[in-house]
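Trainee: Could you walk me through this structure while I have it open?
Mentor: Gladly, let us take it piece by piece.

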Amino acid sequence: MAFPIKWLIAAGIVAVVGATAYKNMASTGAEMSALNITTIDQKQVNFATWQSQGKVTVVNFWATSCSTCMKEMPRMVQMYNELKPKGLEYVGIAMAYDNPEYIKNDVNEKKLPFNIAWDQSGALSAKFGNILGTPTTFVIDKQGKIIKQYVGEPNWDEIYAVINKAIAV
């Protein structure tokens, strides 16, 4: 009898975390348009510029210690390479608790082709509703509105469909 109770408790925790993340999720275009990020190689990323160019953006919170993040990263690279010519931009944001040297090593070792930032202070996580777990991925439309959030590895068919639809609009 203890087995089903554990699953009910786990499901309840997941539901509360998910609802809290959804409720706290930044969702207005104004908030995302005002977002400026400095990457680990000191490049400035300005969301308003991407939006003025009609870009759809994927923001992925990840950590070098996260096995699911490492598992999904090759697919993220593939998605970025396939969809960038159509109008996709991408920024990976490493969590505050991550070691910047580990981040740089991962970027170099995996030859990540997109922008990578380190959320040293946790301010970026706060702008996205206080990220509770990694990976957490957001799809942001051309107007700067968050149109989809994934906690954990995304359903790849679905995220491609969401991004392609947003690019086509």
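**Helix 5 and beyond**

Mentor: Just after helix 5, Lys111 has a positive phi of about 50°; please keep in mind that this is a predicted model.

Trainee: And the other end of helix 5, what caps the N-terminal end there?
Mentor: Asn99 does, with a side-chain oxygen placed 2.7 Å from the backbone nitrogen of Glu101.

Trainee: Which residues of helix 5 are buried?
Mentor: Ile103, Asp106 and Val107 are the buried residues of helix 5. They lie on the same side of helix 5, because the arc they cover around the axis is only 100°.

Trainee: What covers them?
Mentor: The cover over the buried residues of helix 5 includes strand 3 (56-62) and helix 4 (67-83), together with strand 4 and strand 5 (115-118).

Trainee: And which residues are exposed on the other side of helix 5?
Mentor: Asn108 and Glu109 are exposed there, on the other side of helix 5.

Trainee: Why does Ala96 count as partly exposed?
Mentor: Its relative accessibility is 34%, and the partly exposed class runs between the 20% limit for buried and the 50% limit for exposed.

Trainee: What is Ala96 in contact with, leaving aside its neighbours within four places in sequence?
Mentor: With those neighbours set aside, Ala96 is in contact with Trp118, Asp119, Gln120 and Gly122. As for Ser125, which is 29 residues apart from Ala96 along the chain, the C-alpha atoms of the two are separated by 8.6 Å.

Trainee: Changing topic, how many aromatic pairs does the structure hold?
Mentor: The structure holds seven aromatic pairs. One of them is formed by Phe47 and Trp50, whose ring centres are 5.4 Å apart and whose planes are at 35°, so the pair is tilted. Both residues belong to helix 3 (residues 47-52), where they are three residues apart, about one turn of the helix.

Trainee: Are Phe47 and Trp50 buried or exposed?
Mentor: Phe47 is buried, and Trp50 is buried as well. Another pair is that of Phe61 and Phe128, where the ring centres are 5.3 Å apart and the planes are at 70°, so this pair is edge-to-face.

Trainee: Which parts does the pair of Phe61 and Phe128 tie together?
Mentor: Phe61 lies in strand 3 and Phe128 in the loop between helix 6 (123-127) and strand 6, so the pair ties together parts that are 67 residues apart in sequence. Phe61 is buried, with a relative accessible area of 0%, and Phe128 is buried too, with a relative accessible area of 1%. Ring pairs also link Phe61 and Phe128 with Phe138 into a cluster.

Trainee: Last one, where is Thr137 found?
Mentor: Thr137 is found in strand 6 (residues 136-140), and with a relative accessible area of 0% Thr137 is buried.

Trainee: Which side chain does the side chain of Thr137 join in a polar contact?
Mentor: That of Asn60, through a polar contact of 2.6 Å. Not counting residues up to four places away in sequence, Thr137 touches a set of residues that includes Val58, Val59, Glu72, Met76 and Ile159, and also Lys148 and Tyr150.

Trainee: And where does the charged end of Lys148 sit?
Mentor: The charged end of Lys148 sits over the ring of Tyr150, 5.5 Å from the centre of that ring.

Definitions and conventions: Residues are numbered from 1 along each chain as its sequence is written. This is a predicted model: local features need pLDDT of at least 70, side-chain atom pairs count only at pLDDT 80 or more; totals for chains, interfaces and linings use all residues. Side-chain values use heavy atoms; hydrogens and water are left out. Buried means under 20% relative accessible area, exposed over 50%, partly exposed in between (1.4 Å probe, protein chains only). Contact means heavy atoms within 4.5 Å. Helices (H or I, at least four residues) and strands (E, at least two) are DSSP runs, numbered from the N terminus. The arc is that of the directions from the helix axis to the C-beta atoms. A polar contact is a pair of N or O atoms within 3.5 Å; within protein, one must be able to donate a hydrogen and the other to accept it, and residues adjacent in sequence count only if both atoms are side-chain atoms. Rings of Phe, Tyr and Trp (its six-membered ring) pair if their centres lie within 6.5 Å; planes under 30 degrees apart count as stacked, over 60 as edge-to-face and the rest as tilted. A charge sits over a ring if NZ of Lys or CZ of Arg is within 6 Å of the ring centre and within 35 degrees of the ring normal.
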